[in-house]
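Hello,

Here is the structure you asked to look over. Please open it first, then read my notes.

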Amino acid sequence: MNIKKLFLPQIPFFLGIPALVWQVLFVYVPLVFILVLSVQSGTFESFRAFFTAEYGLVLVRSLFLGLSTATICLILAYPVAYWIALCAGRWKNFLLFLLFIPFWTNFLLHIYAWMFIMDRNGVINTVLQWLGLIQEPLHLLHTTASVFVVMVYCYTPFMIWPIYSALEKFDVRLHEASSDLGATWWQTLWHIVIPLSLPGIRSGFFLVLVPAFGEFVIPELIGGDKVMFAGGVVSYYTLHAKTSSFGAAFTIITSCVLCLVLCLIYLLSRRFMRHVTHGKV
Amino acid sequence: MGKHSLLAQRWNIIWIVLVYAFLFIPIVVFCAFSFNNAPFPSAWVGLTTRWYQELFSSTEIWHALYNSLIVSSVAVILSAVMGVFFVYLAMQGGRIRFMLSHFYANLVFPEIVLAVGLLSLFSALGISLGMWALIIAHTVLGLGYVVPLVYDRYQELDYRLTEAALDLGATPLQVFTTVTLPLLRPTLFSASILVFIVSFDDFIFAYFCAGSTFQTLPLYILSMLRTGVSPIVNALSTVLLVFSSLLIIGYSSLKTKFRVF
Amino acid sequence: MMKFMKKKVGIVRSVMILIWVVIVTLIVFASRLQFFKPERSITVLAWSAAFDRAYVKKFEKETGIRVYLSTYSTNEELLVKLQSSKEKGYDLIVPSDYVIARLKNEGLLKKLDKNKLLFLDQLNPLLMGFPFDPKNEYTIPFVWDVFCIGYDTRKIEPSLIMSPWDLVFKRFNHHAGYRIVMTNDPLEAISFATQYLFGPVSSLSSEQIQEVTLLLKNQKAWVENYTNLRGDYLLGSGAVDAAIMQSAEIWRALAAFKHLDFVIPQDALISIEHCAIPVGSEKESLVYEFLNFFYTKDAFINNYREAFNFPARMDVIDALPVTDRQKAVMRSSPEEFKRYSFIRDLLPERKRFDLWVAVKS
């Protein structure tokens, strides 16, 4: 009797706790493992090995790729999200539905689409040649520009969604109130809409920056693997058994750098918010 | 939004058209060219379905697809079951409730970090990489989607329903199975579809945790991309695109139909 | 009383957590279980294109022996898999030449019973008797490759090629739009550069490492793509003027595109894949059946059709759909073989990769 009274109330716990067990075992323990693995030899030798100009350049380059991709995506995405959330009316659901498609199809297929189009004999070149605009095929693939184009292409939907979600909750009456008070559309945008949607902008920015920073497939397939990025270094060291402690160390280094940048952006966005709303919001 | 100046609206519409064109024209083009009768990218030669025939007769693709389906299905089941029970436990109150925020972390950490961590763990413990390693990884991913979504929905449920059931003499477990669970079912279902798609398309975890012998569809596509450009991939892409679109239509219709409260 | 209940609840909960941890651990380690493999079966560890899957099925049908194919992508991976005690049960492996010495020295290979192998007379004698296994007691050659340079005859006039290596390490004819495909494997890239600069040395001093790095860095200006797999397509579609690749890829490109040709440096690098039996295997008789099956003339012709590898059997060469010049390369005279070198492990993995990162910066 006593046992029953003891065990039965704990059944929810028994049923519910495996999720937490799973999380600890397969998210937190591995993270600890990375830490342990990186200092395997008892020293920080594996960290010191990466404090060279070349690896520093790799990190800087990955940061540049991530930040520029996120910025361009933001510029492309914001007007789209704004229009869908505030102006679209009947078209809203249809446009959102369309947006799901690139979101939910395989990332690699997007890359492939561009490999196909930008190929020397691909659609872009054949159409331009057919129109007589160029004589020789353009050299499109395996350039830095093409890497940026494909990065932006793959990540823009990730930017549109959070901004849209933030703008959807926007109270339209604020807009009306501000224009009643004599503000131009641009002023309203800059001083009211953008600051209020800033959390959405921020999460979109992070949603793009984090994976773009670790991206290595697009530079390899589209860029011709001519430049080394952080993700490539991590994958090379980690997949070769003897160098796994170095892989772990570099993973930690990249995570720290990324974390720092994210914190910086967060603080900057807070500052921006305060500046633009003059501390009143 | 009549307060907008007409100029701003027109400019905005053009921008949207351009962005959407940018997002969709490549897809439309490479789907169209899956019917092109040329083995390499070139101008339009003629209509053919031979790439689809080659696609459907390739055993490797079916093998990879089968692997992907198994991994994704098991991961969905595991994460949905564990997730819903965990949210139920958390809503009973107490310290466990604070543990919910842990699951938001799965989407914050870069996938590559989680994948490297799992790889290190598996190598150190001598767990062979392959199907189960990948299932574990995808379940982690799935929990990161299921728990927040179910929790959100749970909070929106009318607590008076559960209170009424309790007042009528049901045990907490009965309340859960007969009242809460049916109300959560649509969210659970849509979350499962989401997890399935994410797991089906994922290739970062597969790249690190699947080992050299186990191949899922994204890994197969990656190996085909590395080898060159072939219209069979066009055909495969078109098929997957149609499949995803159907799933999206299903998902969207679920979301709008079953929202009761 | 309440405190006592709380303590009991705590114990019960901890036990429950423990139960789940055990269950999860069991699930996870269950994947390690060697599923019951029937007696008449062998486990083969080779690179993915070594044995054509359809032909393996043919073997299974004819002999009733189940074949479990496991793959590795680098020879280091092969070494690690064999060395770790956790991975046992391989009956046949296909290592490259440069790891055989290490495998032999660590006692990981079993001596072959030559009487059981019916095809030894037909093997190319030039592929045997190398220092790492002088009497071929442990390994027998299976397929091999020469690293040649394929080029587009529409863009490069064959008579203007002075030295084949110049196609790779110099801008041919100082043409500004010159582009090549280079290998993406640091091991191969360093071997090529070393061979070009210093010849067949067995180790590199730090000055030499600097020179190699500089050469590869300068080369980047005219490299269109670093890849081991897409070279044939890029060459054929006209995106590049030349490509240095394994002969298998070049031969594949030559079969598909008529406007391509190849040159081979005199001091070219080669790679010979061997078959060997790990010391822990207990299924040698079945492995010998496998080998006898895959060393037949038909098997090699099929292998060529799928993978374009150079066969170790001499009599197959005439039956292949290639030009006489290609056949001559696949046979290769003893003089030519004397000048060839193997890909060498010149730097430890980490230094190798540091160099590669420096090149790609």
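First, the ground rules. This is a predicted model: local features need pLDDT of at least 70, side-chain atom pairs count only at pLDDT 80 or more, and totals for chains, interfaces and linings use all residues. Residues are numbered from 1 along each chain as its sequence is written, chains are lettered from A in the order written, and side-chain values use heavy atoms, without hydrogens or water.

**Chain A and chain B**

Contact (heavy atoms within 4.5 Å) involves 77 residues of chain A and 77 residues of chain B. The two bury about 7500 Å², 82% of it on carbon and sulfur atoms. Buried area is the accessible area (1.4 Å probe) that two parts lose on being put together, summed over both. W22(A), W104(A) and Y112(A) supply 11% of what chain A buries here, more than any other three residues.

The rule finds one salt bridge across this interface. E220(A) pairs with R226(B), with the closest N and O atoms 2.7 Å apart. (A salt bridge is a side-chain nitrogen of Lys or Arg within 4 Å of a carboxyl oxygen of Asp or Glu.) Helix α2 (residues 11-38) of chain A gives the most to chain A's side, with 20 residues. Helices are DSSP runs of H or I, at least four residues, numbered from the N terminus.

**Chain C and chain B**

Here, 17 residues of chain C meet 17 residues of chain B. They bury about 1400 Å², 61% of it on carbon and sulfur atoms. The salt bridge count is zero.

Best regards

Terms used
Helices (H or I, at least four residues) and strands (E, at least two) are DSSP runs, numbered from the N terminus.
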